[in-house]
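Please look over the sequence and the structure below before reading on. The report that comes after them is meant for a reader new to this structure.

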Amino acid sequence: MGWFYGFKLHIVINDKSEILTFTIIQASDDDRTPLKQKRFLDKIFGKLFADKGYIGKDLAKMLFIYGIQLITNIKSNMKNALMTLSDKILLRKRSIIETVNDVLKNICQVEHSRHRSFGNFLSNMIARLIAYSFLPKKPQIKFQTQNTTQICLF
């Protein structure tokens with residue numbers, strides 16, 4: 001037909017797979033653009049675990065100003081970075097977002113390509129995200145730390 005409307009859904013979840021915030025951008029936009037918007041970052045604080053596509057010094061500095069620590073794997077040509085053991089473990093559990101995306105696509109049926117209007121698309125998308133939030137079982141990260149007074153010997 002000569003035209004294409006594509007959209008990307010960006011969601012931020014916590015360790016219990018609850019949606020903290022989401023945004024919808026055009027498919028032609030860079031994946032890092034939502035992280036540069038203040039209204040997207042208002043509800044996020046602490047540590048943000050992402051894949052290698054989000055690596056950038058300017059982005060990391062900007063997020064640090066907002067109180068967010070961006071944690072990613074390093075690329076093969078990058079210098080090694082010091083990271084705590086708990087951060088390394090949580091970085092390996094980043095695949096939980098793919099599980100949430102799978103639940104959104106298959107159970108909540110977010111992926112739908114036959115919308116006739118933009119308003120219909122938005123109402124359907126928000127309804128599916130609300131339906132996801134009411135699911136009784138969501139994928140979770142079971143990660144617990146234990147503080148002890150024992151001395152570590154090496």
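The text below takes up aromatic rings, a strand hairpin and a surface patch in turn.

The model is predicted, and the structure holds one aromatic pair. Phe-7 and Phe-121 make up this pair, which is stacked, with 4.8 Å from centre to centre and 25° between the planes. Because Phe-7 lies in strand β1 (residues 7-13) and Phe-121 in helix α5 (residues 118-133), the pair ties together parts that are 114 residues apart in sequence. Another ring, that of Tyr-132, has the charged end of Lys-138 sitting over it, 5.8 Å from the ring centre.

Strand β1 also pairs with strand β2 (residues 19-26), in the antiparallel sense and over seven bridges. Within this pairing, Val-12 has Thr-21 in β2 as its bridge partner. The two strands β1 and β2 form a hairpin with five residues between them, and in the turn Ser-17 has a positive phi of about 60°.

Phe-22 has its place in strand β2, and together with Ile-126, Ile-130 and Phe-134 this residue makes a nonpolar surface patch of about 400 Å².

| Residue | Class | Relative accessible area |
|---|---|---|
| Phe-7 | Phe-7: partly exposed | 36% |
| Phe-121 | Phe-121: buried | 10% |
| Phe-22 | Phe-22: partly exposed | 32% |

Notes
Residues numbered from 1 in each chain as written. Predicted model: local features only at pLDDT ≥ 70, side-chain atom pairs only at ≥ 80, totals over all residues. Heavy atoms only, no water. Phe/Tyr/Trp six-rings, centres within 6.5 Å; stacked < 30°, edge-to-face > 60°. Helix = DSSP H or I, 4+ residues; strand = E, 2+ residues; numbered from the N terminus. Buried < 20%, exposed > 50% of the residue type's maximum accessible area, 1.4 Å probe, protein only. Lys NZ or Arg CZ within 6 Å of the ring centre and 35° of its normal. Pairing = 2+ DSSP bridges. Patch = residues over 30% accessible without salt bridge, like charges linked within 9 Å, V, L, I, M, F, W, Y side chains within 5 Å. Areas by Shrake-Rupley, 256 points an atom, 1.4 Å probe, with all protein chains shown as cover. Salt bridge = Lys/Arg side-chain N within 4 Å of Asp/Glu carboxyl O.
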